[in-house]
Structures are given as C-alpha cells and as structure tokens.
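Here is a short report on one structure. Look at the sheet pairing, a loop residue, the DNA surface and the chain symmetry in turn.

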There are 2 protein chains.
Amino acid sequence: MPHSPDPSLDLAATDLRLATFRLARRLRHERALDSMSDAQFAVLVILRQHGTQTLGALAERERVTAPSMNRTVNVLEETGYLVRTPDEQDRRRVLIEITESGAEIVAETIRLRDHALAEALAELHLSEEELEILRQASALMRRVAER
Amino acid sequence: MPHSPDPSLDLAATDLRLATFRLARRLRHERALDSMSDAQFAVLVILRQHGTQTLGALAERERVTAPSMNRTVNVLEETGYLVRTPDEQDRRRVLIEITESGAEIVAETIRLRDHALAEALAELHLSEEELEILRQASALMRRVAER
DNA sequence: TATTGTTATACTCTATAACTATA
DNA sequence: TATAGTTATAGAGTATAACAATA
C-alpha cells in the first residue's frame, strides 16, 4: 500500500472520508417521497440539472447498463415524472425529459435536505468562523470530487 | 417552508449538502471487492467497529427489517466474513461476529478509499491552511451527522 | 454493419406476512 | 403473550443475452 509523502494529508483524508460518508448517509434520509428509490431520484436530478437526455446518456451518467436504466425510466414515465419523445433527427433515439411534477419532487427534496441540514447547523450554534470553514471546505470537496 | 434566521447559514447548508453528496458518491466507487454490495459492506463495518451484535441490533442500526438483514447476514456467513453463534443466556438470540477475513476486507476497503482520497488531495496541491480547513470541517460534519 | 433502445430472463436487496422457538 | 429469528412470497434494481428499428 503506497503512502503519500505528507502524513498529515493521510490523516486529513481519513477524517474527511468518515465525515463525508456519515453526513451523506444522514442527509439521504430526507426525501420528498419515500416511495421513490435512490435510482429514480438520481435520474430526475440529472434531467433537471442537465436537461433532456437520451437513454444511453442517462445510463452512462449513472454507470448502469441501458436495460437497467430503461426499467428505471419506465417507472418514472408511469408515475408521470418524465416523458419520452422520439428524436426526429435520429429515430433510433428517444429523448427523455423531466415533467413539471418531476421537477417539483426534486425541488421539494432539495428543500427538505437543505432545511434539515440548516436546522442541524443552527442547533450546533456554530460561530461565523466555523460556518466559513464549512463553506471553504465545501468548495474544496467539490474540487476533489470533480477532479 | 420555514427558513433559518441566518441566510448565510442556509447558503452554507446548500453548499455542504452538494459537496457531501458528490464526494461520497465519488469515494463509494472504491471498494476492495466489487462483488460485495453496499449493504453487506455496511454490516461488516458495524461488526468491526462495534463488535458482536444480534440480528435485531444490526437491522435497527441499518434501518432495515429483520428479514432483510437476515438475508444479508446469510450471504456474509456463506462467504465466511462473519459467524453466527447461539446466545446461551437467551436462546432466542443469535450472536453475529465478524471473522478475520471479514475484518481484512473492511480494512482493505478503508485503505483503498483513504488512498484514493489522499491521492486526490495530493493532486490538488492544497496548502497546509487548506488541509487544516478540511480537518476542522470534518470534525464539524461529524458533529452534524451524529447530533 | 454499427448503434440505440427494448424485451427476456435471472439474481440480489428490499419489504410484509406467517411461522418456530424461547422467554 | 411477547420477543428474536427465520422462511415464504413478492416488488424493484441490477445484469447479460437476444432482438427490432434505424443510421
């Protein structure tokens, strides 16, 4: 097992890994509709953020196979959270678009999660300095994740 | 939808939520054995960290039903990562204990994840001040998650 | 022929309901 | 009677293989 040259960096990594998993697990519990699975919700988030997608693009983004994504999309189509329309330019393709009610479910879940986290932060009575640490850390974490 | 009195706290919460989910998703990809599911791995982590548990205790910690946990435990027992032994004090109960090979799998996964994160941090060439921000933020995040 | 989406089939994780053994 | 664990059965997400339609 290789080690980085800076042992304090190893310690920071371990701390951050543990804290990230625990907080993510805690926040994931907050969802507008408990009846919707993580897989379904993730698809709606992609459609809301990145707009209309083909089935293949969705499968690639979520790193699942096309048949798997097809089943997930089927459920979301039946519940009315997205619609399929044929691509007229390339008729092998199907364009998948989020509906108004789908976008509302995503927005509501985000509101719930933000609210739960804001409540938790408020309860800890963090100082302005501590809040600033969290903001700066958030930016660093995103750089790590998106590297 | 209620709002906290401090709008800068709301913003910190949103930033932190996004960053946490993205980093967790990224780190979860690193696993010693891809053949083991998240559910199975989570059970081994509990057993390693908190010692021998009953089936009911495992189900409660993972917030799944007893039959669900029973199936997960069955698989881990078949693969030799844990053992069941009857509780002699209360013979309705079964004590579930991690084996040496189970503990080794957990340790290996933790090593992989720490290494991946340490590599990512090293690549960003963070300053000592930035690493300190991540360490302090990690402590705050754990307080939030465990509140 | 290659690509895109879909269907067929099977395996895993989840749940609820029913059952067994023990307290 | 109540509790701990298990089994029976079913629903949803995953996969691979095979198929249909289109480029």
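## Sheet of chain A

A:Arg84 stands opposite A:Ile96, a residue of strand 3 of chain A. The model is predicted. Strand 3 of chain A covers residues 94-98 and runs antiparallel to strand 2 of chain A. Five bridges join the two.

## A loop residue: A:Thr99

A:Thr99 sits in the loop between strand 3 and helix 5 (100-123) of chain A. Is A:Thr99 buried or exposed? Its relative accessibility is 17%, so A:Thr99 counts as buried, the cut-off being under 20%.

What does A:Thr99 touch, leaving aside neighbours within four places in sequence? The contacts are A:Gly80, A:Tyr81, A:Leu82 and A:Val83. With A:Gly80 there is also a polar pair: a polar side-chain atom of A:Thr99 lies 2.6 Å from the backbone oxygen of A:Gly80.

## Surface near DNA strand C

DNA strand C is surrounded by 24 residues. The closest are A:Gly56, A:Asn70, B:Gln40, B:Ser68 and B:Arg92. By class, the residues of this surface are seven nonpolar, eight polar and nine charged. Four helices each supply at least two residues: helix 3 (55-62) and helix 4 (66-78) of chain A, and helix 2 (38-50) and helix 4 (66-78) of chain B.

Which parts of DNA strand C lie within 4 Å of the protein? Sugar or phosphate accounts for 69% of those atoms, and bases for the rest. One is 2.8 Å from a polar backbone atom of A:Gly56. Another contact involves B:Ser37, with a polar side-chain atom 3.1 Å from a phosphate oxygen of DNA strand C. A base takes part too: a base nitrogen of DNA strand C is 3.5 Å from a side-chain N or O atom of A:Arg71.

## Relation of the two chains

Chain A superposes on chain B by a rotation of 179°, with a shift of 0.1 Å along the axis. The RMSD is 0.2 Å. This is the relation of a two-fold axis. Both copies use the same surface: 100% of the contact residues of chain A recur in chain B.

Note on methods:
Residues numbered from 1 in each chain as written. Chains lettered and ligands numbered in written order. Predicted model: local features only at pLDDT ≥ 70, side-chain atom pairs only at ≥ 80, totals over all residues. Heavy atoms only, no water. Near = heavy atom within 4 Å. Polar contact = N/O pair within 3.5 Å; in protein donor to acceptor, adjacent residues only side chain to side chain. Nonpolar A, V, L, I, M, F, W, Y, C, P; charged D, E, K, R; others polar. Least-squares fit on C-alpha atoms with pLDDT ≥ 70 in both. Contact = heavy atoms within 4.5 Å. Pairing = 2+ DSSP bridges. Buried < 20%, exposed > 50% of the residue type's maximum accessible area, 1.4 Å probe, protein only.
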